[in-house]
Amino acid sequence: MSKNNVAARYVSREAWSVNAPAPIPAVLLNRTALTLPEGGVRRSTGRRFVLPSYLKHRIRAMTHDTAVKRPSNRAVDMLRSVSFELGVNKHAEGSCLVKFGDTHVLCLASVEEQVPSWLKNSGKGWVTAEYGMLPRATNTRMPREAAKGGQSGRTQEIQRLVGRALRAVTDIRGFGEIQVRVDCDVIQADGGTRTAGITGAYLALYQAFATMKRHGAISKIPLREPVAAVSCGLYQGVAVLDLDYAEDSAAQADANFVLTASGKIVEIQGTAEDQPFAESEFFALLELAKKGVVQLVDLQRAALLKAGL
């Protein structure tokens, strides 16, 4: 198998779990002296996942390219301007207005004293999410989905992703038989609405749990660690961080990375838009995503501190 034909199929949490061993590409099986940079995952089999040196050089080159001209004039490893404003809704138990550049998403967390039927009498709670876009969130008005008879496949896929991301860091035994529903409504879209939604939804969820704690419903916040998400893509053949719409619509490949504060992978969605991309290109995107999520988590923590949480 040639180096350029190694399949880059690392697209699920299970494939990267620290508890479940995952198959190692055949080209790597006989390599023993290399390590995954910055927090490599140790398999339960005892074998370390390793990166060949040729991949390391390619990743370094693709994430330090200064020749590409991004529409926003950002460096390849630079996030858009990011902000979080908590407590923007007086009714919701938790709320956050998140802005990734010109993408603005309102995230509201509601505490409901009921759980899905399959969780009744289990002692477990549930966290779920809903997602939607205002009709004029984009450059031309979109019909409301209710007027078209129901949610699109895209909407359902995104809200399930948001729910999975939040549950991945939530102790569902830590707040009784309560459901927290997080609504993510896109006010303005300029690429990366799902990643902005996940990152803001975590803060809305945190505030909702803080409200429950303040009222004595729980004794501690049942969140194990922060979770955040960011998009990366190949733009003009170069790996770039946090795509806006101009880049996303012209990217050769793009991926959404959902990662925890400790660097664990919750979910990766990756697509080749032009032609299949190489393993080295995937790892370049992953390295950028890890860097971006570190910054996003720092901003999340700063926002919680500012809000007195």
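A residue counts as buried when its relative accessible area is under 20%, as exposed when it is over 50%, and as partly exposed in between, using a 1.4 Å probe and protein chains only. By that rule glutamate 247 is buried, with a relative accessible area of 0%. The model is predicted, so local features need pLDDT of at least 70 and side-chain atom pairs count only at pLDDT 80 or more, while totals for chains, interfaces and linings use all residues. Residues are numbered from 1 along each chain as its sequence is written, and side-chain values use heavy atoms, with hydrogens and water left out.

**Surroundings of glutamate 247**
- Glutamate 247 sits in helix 5, residues 245-248 (helices are DSSP runs of H or I with at least four residues, strands are runs of E with at least two, and both are numbered from the N terminus).
- Leaving aside residues up to four places away in sequence, glutamate 247 touches Arg70, Pro71, Arg74, Tyr235 and Asp242, where contact means heavy atoms within 4.5 Å.

- An open sheet of mixed pairing is formed by 5 strands in the order 1-2-3-5-4, two strands being paired if DSSP finds at least two bridges between them.
- Its edge strands, each pairing on one side only, are strand 1 (82-86) and strand 4 (126-133).
- Strand 4 runs parallel to strand 5 (residues 179-188) and is joined to it by 8 bridges; tyrosine 131 has cysteine 184 in strand 5 as its bridge partner.

**Helices against the sheet**
- Helix 3 (residues 153-167) lies across strand 4 and strand 5 and runs at about 145° to strand 4 (axes are lines fitted to C-alpha atoms, for helices over the stretch in contact, and angles run from 0 to 180 degrees between N-to-C directions).
- Helix 6 (residues 279-306) packs on the sheet, where it touches strand 1 and strand 2 (94-100), and its direction makes about 30° with that of strand 1.

**Helix pairs**
- Helix 3 and helix 4 (residues 193-214) pack at about 40° with their axes 10 Å apart, and they are therefore oblique to each other, given that angles under 35 degrees count as roughly parallel, over 145 as roughly antiparallel, 65 to 115 as roughly perpendicular and the rest as oblique.
- Among the residues making this contact are Ile158 and Leu161 of helix 3 and Ile198 and Tyr202 of helix 4.
- The axes of helix 4 and helix 6 come within 11 Å and cross at roughly 30°, which makes these helices roughly parallel.
- Thr199, Tyr202, Leu203 and Tyr206 of helix 4 meet Leu296, Gln300, Ala303 and Leu304 of helix 6.
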